[in-house]
Amino acid sequence: MSVAKPLPHDSRIIEGKLKNGVAWKYRRHDNPPGKMWLMIRIDTGSLNETEEQRGLAHFMEHMCFNGTKHFAPGELIPYFESIGMEFGADLNAFTSFDQTVYMLFTPNTDVAQIDKALMVLSDYAFRANLPIAEIDKERGVVLEESRSGKSARQRIRDKVWPELFGGSRFARRLPIGEEDVISGAGRKEFVDYYRTW
């Protein structure tokens with residue numbers, strides 16, 4: 001029996017670790033020229049939720065756009081739009097079973113702009129405000145996303161996955177979550193999930 005060889009390392013990738021434990025990687029590229037793509041991957045998703053938190057990993061993804069230490073509610077998206085970014089194309093995020101990822105695609109590589117982008121990613125990871133008024137406003141957005149995803153394919157998956165993954169958390173921890181949790185979880189549940197992970 002042969003042992004698999006490790007994947008080759010791309011020597012163009014520079015990496016390190018900050019004092020707070022955050023690991024980072026950097027790779028220079030020139031396509032497209034004059035732009036920078038930044039991403040932060042947070043090592044948590046729906047598998048880490050308690051019963052009372054089913055859906056909060058994904059909901060937290062939304063909440064990081066709705067108020068952080070450096071951006072009051074309603075300021076973040078307009079700031080990015082003011083520098084030429086478009087929500088969805090240049091500024092986005094996703095949540096899965098085991099990760100939540102935030103992405104920024106900056107229009108240029110000016111030091112001040114990159115500093116601010118890094119500050120935003122740091123705010124997502126460590127300094128979301130979670131005001132209850134913003135949580136309540138976002139409930140409808142997340143519920144609509146859940147309802148609009150109820151395609152035939154989704155309904156089949158919802159029936160098949162508990163059989164395929166029976167006895168595991170995958171069967172009961174779809175990232176979109178449970179409507180009753182999305183519509184009724186209190187701020188404490190959000191804070192508990194966020195602070196824990």
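Visitor: Which strands form a hairpin, and how many residues lie between them?
Guide: Strands here are DSSP runs of E, at least two residues, and helices are runs of H or I, at least four, numbered from the N terminus. Two strands pair if DSSP finds at least two bridges between them. In this predicted model, E1 and E2 form the hairpin, with 5 residues between them. Gly 21 in the turn has a positive phi of about 95°. E1 (residues 13-17) and E2 (residues 23-27) run antiparallel, joined by 5 bridges. Ile 13 has Arg 27 as its bridge partner in E2.

Visitor: What is the volume of the largest pocket?
Guide: Rolling a probe the size of a water molecule over the atoms shows where empty space is left. A pocket is an open set of points on a 1 Å grid over the protein atoms alone, where a 1.4 Å probe fits, with protein on both sides within 12 Å along at least five of seven lines; lining residues have an atom within 4 Å of a point. Points are joined across faces, edges and corners, and a volume is the space filled by probe spheres set on them. The largest pocket has about 1500 Å³. Of its 45 lining residues, Trp 24, Lys 25, Leu 38, Met 39 and Ile 40 are the closest to its centre.

Visitor: Which elements supply at least two residues of that lining?
Guide: Among them are E1, E2, strand E3 (36-42) and helix H3 (111-126).

Visitor: How much space lies in the second largest pocket?
Guide: About 210 Å³. Helix H5 (residues 152-164) gives the largest share of its lining, 3 residues.

Technical notes
Residues numbered from 1 in each chain as written. Predicted model: local features only at pLDDT ≥ 70, side-chain atom pairs only at ≥ 80, totals over all residues. Heavy atoms only, no water.
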